[in-house]
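Here is a short briefing on one protein model. Please look at the sequence and the fold, then read the points below.

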Amino acid sequence: MICSDFHLHCSYSPDSDSSMEEMIRAAIGLGLKRMCLTDHQDWDYETDGMVWYFDTDPYVEDYLKYKEKYKGQIELLLGVEMGLQPHLAESYREYVQKYPFDFIIGSSHLAHGKDPYQKNYFEGITEEEGYREYFDSILENIDAFDGYQVYGHLDYVVRYGPNRNKYYSYEAYRDVLDTILKALIDRGLGIEVNTAGYKYGLGQTNPHPDVLKRYKELGGEILTIGSDAHRPEHIAYSFPLLEELLTGCGFRYYTVFRNRKPEFIKIS
C-alpha cells in the first residue's frame, strides 16, 4: 500500500473542523509512514464571510510541536496548498521563502475569479466552456508563478460541472491538457494524484487516469499522492486502488518531498 499522504487539511483550513493532532493520530492509526499537512492559503478569496487563508506562524509552531511529539511514529512534513491567481504571483514568491515548507501544492480553486464550486460559475455558458476556461486559467497561473512542486487536482472543475465527468475525457480536452502537462514538465514541476474524486462519487482520481497516462508519455515523472482529506476518516482515501491504477499508467514510482526536494519511492 502507498503509505504517504501528501494532501491533508486540518482546522487551519476553513472547510475543516479537525485538529492537526486528530489528523496526525488518525494517520498513525492507518499505518502511514509519512504525511504532509497542506492547509489552504487562498489569498484574495472569501465566500459567505469565510476567508480561505490562515496565519502561518501558529501553523508552523503546531507542526513543530507535533513533529517532535510523534517522532518515531510517523514522519510529519510541512506543506501548504496555495490557491493560484496570476495577480498574486509576486506576493506568493515572497511568502514561500519565509517558511520552512517541505512541499507546496499549487492549485486552481478559481478560474478568472470564479469558483466552479458555486452554481453561478456555469450560468450562461456550456459545460465545455466552463471546463475550458478553468484549464486556460491553469496555463495563466503556470506562466505567472512556478514556486511549487506539483499542480493539484488538475481537473478539479469536473467535480462540479452540470454533468460532472459524464462527458469529460482526456481526448475531449487533449489540446489544452497537453499544453498544461508540457508546461509543467518543462518547468520541472509535477502533478498530484488526488483520490478525493472517489469520495465525491466520480469513480476516478483527479486528474483522470488518461491524463496521468499522457503525463507519463510526455516524460513526466514527479507524481505525489494525496487524499485531500479534511477529516480523519478520509485520510488515505481509496489508496488501495492506486497501485494497479498507477502501474497501469506506466508509473513505477511516486514522489515525496522534504525541503522541496523530491524522493522517488517504488510503488510495489
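Which residues does Arg 214 touch, not counting residues up to four places away in sequence? Arg 214 touches Tyr 170, Arg 174, Asp 178 and Leu 181, where contact means heavy atoms within 4.5 Å. This is a predicted model: local features need pLDDT of at least 70, side-chain atom pairs count only at pLDDT 80 or more, and totals for chains, interfaces and linings use all residues. Residues are numbered from 1 along each chain as its sequence is written, and side-chain values use heavy atoms, with hydrogens and water left out.

**Arg 214**
- Arg 214 sits in helix H7, residues 209-217. Helices (H or I, at least four residues) and strands (E, at least two) are DSSP runs, numbered from the N terminus.
- Arg 214 counts as buried because its relative accessible area is 15%. Buried means under 20% relative accessible area, exposed over 50%, and partly exposed in between (1.4 Å probe, protein chains only).
- Its side chain makes a polar contact of 3.2 Å with the side chain of Asp 178. A polar contact is a pair of N or O atoms within 3.5 Å; within protein, one must be able to donate a hydrogen and the other to accept it, and residues adjacent in sequence count only if both atoms are side-chain atoms.

**Sheet and hairpin**
- Seven strands form an open sheet in the order E1-E2-E5-E6-E7-E8-E9, with parallel pairing. Strand E1 (4-8) and strand E9 (223-226) are at the edges, each with a single partner strand, so one side of each has no neighbour in the sheet.
- Strands pair if DSSP finds at least two bridges between them.
- Strand E8 (residues 190-194) is joined to E9 by four bridges, and the two run parallel. Asn 194 stands opposite Gly 226 in E9.
- Strand E10 (residues 253-258) runs antiparallel to strand E11 (residues 261-266), with six bridges between them. Tyr 253 stands opposite Lys 266 in E11.
- The hairpin of E10 and E11 has two residues between the strands, and Asn 259 takes a positive phi near 50 degrees there.

**His 7**
- His 7 lies in strand E1. Its relative accessibility is 0%, so His 7 counts as buried.
- The His 7 side chain makes polar contacts with the side chains of His 9, at 3.1 Å, and Glu 81, at 3.0 Å.
- Not counting residues up to four places away in sequence, His 7 touches residues including Cys 36, His 153, Glu 192, Asn 194, Gly 226 and Asp 228.

**Pocket and cavity**
- On a 1 Å grid over the protein atoms alone, a cavity is a set of points where a 1.4 Å probe fits but cannot get out; a pocket is an open set with protein on both sides within 12 Å along at least five of seven lines; lining residues have an atom within 4 Å of a point.
- The largest pocket holds about 450 Å³ of space. Grid points are joined across faces, edges and corners, and a volume is the space filled by probe spheres set on the points.
- The largest pocket has 22 lining residues, and Asp 15, Trp 52, Tyr 117, Tyr 156 and Tyr 160 lie nearest its centre.
- Its lining has six nonpolar, seven polar and nine charged residues. Ala, Val, Leu, Ile, Met, Phe, Trp, Tyr, Cys and Pro count as nonpolar, Asp, Glu, Lys and Arg as charged, and the others, Gly among them, as polar.
- The largest cavity has a volume of about 30 Å³. Helix H3 (89-96) and helix H4 (127-144) are the elements that give two or more residues to its lining.
- The lining of the largest cavity has seven nonpolar, two polar and no charged residues.
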